[in-house]
Amino acid sequence: MEETEEQSDDTSTKENHGTDTFRLHMVTWNVATADPPDDVSSLLHLNSPKSPDLYVIGLQEVYSGPLRFVSDSVFDDPWSHLLMSTLASREYVKVASVRMQGLLLLFFSKLRHVPFIRDVRTTYTRTGMFGYWGNKGAVSVRLSFYGHTLCFLNCHLAAHMKYATARVNEFEYIMETQTFECEKDPSVLDHRLVFWFGDLNFRIQDHGMHFLRSSINSQKYNLLWSNDQLMMMKKKVEALQEFEEGPLDFQPTYKFDLNSDTYDSSGKKRKPAWTDRILWRLRPKPSPREDEGSDNGLKLGSALLKELDKFTEFPLKITQELYTSRMEYSISDHKPVIGVFSLELRKMYETPLVRLWPEGDWSADIDAIVFYSPQQPFPSSSWDWIGLYKVGFSSVSDYITYTWVKDNEAAFNDELMQMFISKEEIPVRGGDCVLCYYSSTLRSIIGISEPFKVYESKVALEEGLMPENLNGLDQIVSDEFWK
């Protein structure tokens, strides 16, 4: 078990500091263009007594042939569809996703945390074919989780044994050039906590095949660590030294014959390697400056003091609970790698930015009324909207209907706003629903109502307008616009 904590004189505990602990489940898997398996229970630990608060799933080599890629640009790809449908039934919502050809990154959260995930941004960096092709590179998601900035970087780096230095160069290029459209923390390393993971493609060098196989079969994995290229590079490259990784106490995850647990038996007989990795970097606590003699130095010093106060008042600690592979999956020549973490932190806020609720009984027989009330200032926009969702919705775009907040809005008083949703937009069959306020500036849901019931339309029942296929709750909508 690996533990990382920001430097502090005091030890953060729930009793002393009012901190909360959140469970993060991460997966990286090079799926080698295969379609997803029927069952992902063990991949996601669905039967574990400890359910995660967050899932982050990074895939490499998702099939991106021309016809499939065009289809995936309109509808969810098979992997996203399976993961969304599996997790939605357990009250997880896909908050963000980003894809670059075969690289795919998905971020899921328990519904109760969604209003506290803000400033969501995604981006990507190509490194294949001198930066012109996206078969290699990185896709990333950044966000604020209860005020703490997190960044998840899913990479697929250059292949083959002899290109270890090229992989490091690609890593450094990604870190230097990848930026997000946000004022605070625009670069990857600005974030409080960064996860770097994916098919990093580092190999085990120098050892012969017999020694490799013997060490693996006897589970003496530590005999191979000194010749793992990533560990070797960490000793020489300062940027890599900032990232931590748990012990590789599982067998190398590449390269396997398909549909088996046998390492490469082809004529090439590639050596086994830990190509698939999960590392993390907790931003170090700022150190006091010595350049406070000038006006500019005083300004820098003031900003630094605020940053130091923030680190002290809102501590963040990460503990790795599990780092392993799942050998039972054999659709790819790679095995998936799982990392489970505990994030202990003090929340910077605990109140949603917007509170909203339905007024009266809802059905398709009468226009509906929504009340909402800002709980604190936030950057509202005419592009904000309120959506009606089925309980158990899978993503931001999985709405039944929505209305722009400025279109059908009337001021009830200074602190309470009233909105109308046309009865034509309400599903005639009804169902259990929630209302969500989406902020276009923060690119996230910032308020969710309590669940409420939408009743079946009495008019539709009386007039026989209730065919089996007339069900607004089963409406199919594209997710691409909101990615």
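A nonpolar core is a set of buried Ala, Val, Leu, Ile, Met, Phe, Trp, Tyr and Cys residues joined through side-chain atoms within 4.5 Å. In this predicted model, the largest such core has 58 residues. Seven of them have the most contacts inside it: Met 26, Phe 107, Phe 145, Phe 152, Leu 193, Phe 195 and Tyr 389. Strand E4 gives the most to this core, with 5 residues.

Set aside its neighbours within four places in sequence, and its contacts still include Thr 149, Leu 150 and Cys 151. Leu 193 also touches Trp 280, Arg 281 and Leu 282. Leu 316, Ile 318 and Leu 343 complete the list.

Now step back to the whole chain. The protein chain has 483 residues, and 53% of them are buried. It holds 11 helices and 22 strands. Consider contacts between residues at least 6 apart in sequence: 71% of these join residues at least 24 apart. The accessible surface comes to about 22500 Å². Carbon and sulfur atoms account for 49% of that surface.

H4 runs over residues 78–88. The helix is mostly covered, with 8 of its 11 residues buried. Those are Trp 79, Ser 80, Leu 82, Leu 83, Met 84, Thr 86, Leu 87 and Ala 88. An α-helix has 3.6 residues a turn, so residues three or four places apart point the same way. What lies over the buried residues of H4? The cover includes strands E2 (20–30), E3 (54–60), E4 (92–100) and E5 (103–110), along with helix H2 (41–44). At the start of H4, Asp 77 reaches in with its side chain. One of its side-chain oxygens comes to within 3.0 Å of the backbone nitrogen of Trp 79.

Last, the cysteines. How many disulfides does a search of the whole structure find? The count is 0. Cys 155 shows why for its own case: the closest cysteine sulfur, in Cys 151, is 9.8 Å from its sulfur, too far for a bond. A disulfide needs the two sulfur atoms within 2.5 Å. Cys 155 counts as buried because its relative accessibility is 1%. Cys 436 is buried too, also at 1% relative accessibility.

Technical notes:
Residues are numbered from 1 along each chain as its sequence is written. This is a predicted model: local features need pLDDT of at least 70, side-chain atom pairs count only at pLDDT 80 or more; totals for chains, interfaces and linings use all residues. Side-chain values use heavy atoms; hydrogens and water are left out. Buried means under 20% relative accessible area, exposed over 50%, partly exposed in between (1.4 Å probe, protein chains only). Helices (H or I, at least four residues) and strands (E, at least two) are DSSP runs, numbered from the N terminus. Contact means heavy atoms within 4.5 Å. A polar contact is a pair of N or O atoms within 3.5 Å; within protein, one must be able to donate a hydrogen and the other to accept it, and residues adjacent in sequence count only if both atoms are side-chain atoms. Accessible areas come from the Shrake-Rupley method with a 1.4 Å probe; for residues, only the protein chains shown count as cover.
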